[in-house]
Amino acid sequence: MSGDVLLASAAESGCHLVPWGGAAQCGFPAPDTTIFDFNTLWQFTIAGITFHVTKPMLILWIVAIAVVVFFVLAFRKAKVVPGNMQGISEYGYLFVRDGIARDTIGKEGDKFVPLLFTSFFFIWVLNFVGVLPFFQIPTTSRFAIPVSFALLIYILWVPLGVKRQGAGAFFKGMTMPKDVPAAMYVLLIPIEILSNFIVRPFTHAVRLFANMFAGHLLIVTFSVATWYLFSPSVIGMLGSAASFTVTVGLTGFEMLIQALQAYVFTLLAAVYINDAVHAH
Amino acid sequence: MSLLAQLAADTTQFQVTGSLGSIGYGLAAIGPGIGIGIIFGQGVQAIARQPEAYGVIRQNMILGFALTEALALIGFVAPFVFGK
């Protein structure tokens, strides 16, 4: 059942725990991973490659434009005494610069603020559309999107480290921890290579993806349960109301997780950049 | 026949159906569950002892939380990837 099909069936199907209004009884239509698949809205071919534009892709473009337009409008006519929009934007900027860049990387962090600022707000809004009516799919729950973000950070910090510290010093610092008996290096070097260069970018992407994926799946499960349990009977009313309450609560909780995960992704990006800029 | 022997004789009745991934997720959540508890517990203690260091403590707390949580999340995603 794809996301589109689920939406259509939720609107018309009479699938309830207690059948009423002539509908048939059926088992709980538990949502599975296919709710993250969407039909192609539009496709075009460039140089023999066919691109399929789906809802998450469309949302990605809309969010990118929205974020750019918002901050251009906020900072276009910057005043000494900021208005509402400039005030909020400056608060966000200071949060990223002082809270993430300077705290993690230090004085040199200022150079990376544009990247971290973009990363934080872009990912936050991409997550946030998961609870926004009509969008209702966190774009980052499509694995390709966090993977491309994590790859971007990965291909930034590894060459940066080589450039700043020299290849030898950088890889030595990343794979050979100091003050360890020499015999331990037999064990430590493979572990450090695995953890710093293979597991690190992987978990960087999976952390964002899995949080959004799990959160969306939970909200959908309880939304479906609200409709499935609904019937004009005591048990139907109570069950449906309970599921609906949980859906609302989870939506609030999700909004917290969305901001937290955007922060965590950006913070880890800053930590990785710090590893490249400063020797261990 | 003792209960244990009876259970052993009827093993076919105790087949597990459905996805083993859910059990795998349960196992994967134990370690990070304990770890996250320790991280936030110690973090709150640290903030209580030194409220003026709140910013630094919170940042490191969230960093530790994110690194620990990754294990549980891999456990969550693996059944979907390898389940079919």
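Modeller: A:Thr45 stands opposite A:Thr50, which belongs to strand β2 of chain A. This is a predicted model, in which local features need pLDDT of at least 70 and side-chain atom pairs count only at pLDDT 80 or more, while totals for chains, interfaces and linings use all residues. Residues are numbered from 1 along each chain as its sequence is written, and chains are lettered from A and ligands numbered from 1 in the order in which they are written.

Strand β1 (residues 42-46) and strand β2 (residues 49-53) of chain A pair in the antiparallel sense over 5 bridges; pairing requires at least two DSSP bridges. Strands (E, at least two residues) and helices (H or I, at least four) are DSSP runs numbered from the N terminus. The hairpin has 2 residues between its strands, and A:Ala47 takes a positive phi near 50° there.

Elsewhere in chain A, helix α4 (residues 113-128) packs against helix α8 (residues 234-277) at about 155°, with the axes 8 Å apart. The two helices are therefore roughly antiparallel, a term for angles over 145 degrees. Their contact (C-beta atoms within 7 Å, placed from the backbone) includes A:Phe120 and A:Trp124 of α4(A), together with A:Tyr263 and A:Phe265 of α8(A). By class, the residues of this contact are 11 nonpolar, 5 polar and no charged. Nonpolar covers Ala, Val, Leu, Ile, Met, Phe, Trp, Tyr, Cys and Pro; charged covers Asp, Glu, Lys and Arg; the others, Gly among them, are polar.

Chain B has 3 helices and 0 strands. Buried residues are 12% of its 84 residues. Within chain B, 81% of the contacts between residues at least 6 apart in sequence join residues at least 24 apart. B:Leu67 lies in helix α3 (residues 54-82) of chain B, and B:Leu67 counts as partly exposed because it has 18 C-beta neighbours inside 10 Å. From B:Leu67 to B:Phe80 there are 13 residues in sequence and 21 Å in space, C-alpha to C-alpha.

Where the chains meet, the contact takes 12 residues from chain A and 11 residues from chain B. The chain B side comprises 9 nonpolar, 1 polar and 1 charged residues.

How values were computed:
Axes fitted to C-alpha atoms, helices over the stretch in contact; angles between N-to-C directions. Parallel < 35°, antiparallel > 145°, perpendicular 65-115°, else oblique. Contact = placed C-beta atoms within 7 Å. Buried ≥ 20, exposed ≤ 12 C-beta atoms within 10 Å, placed from the backbone.
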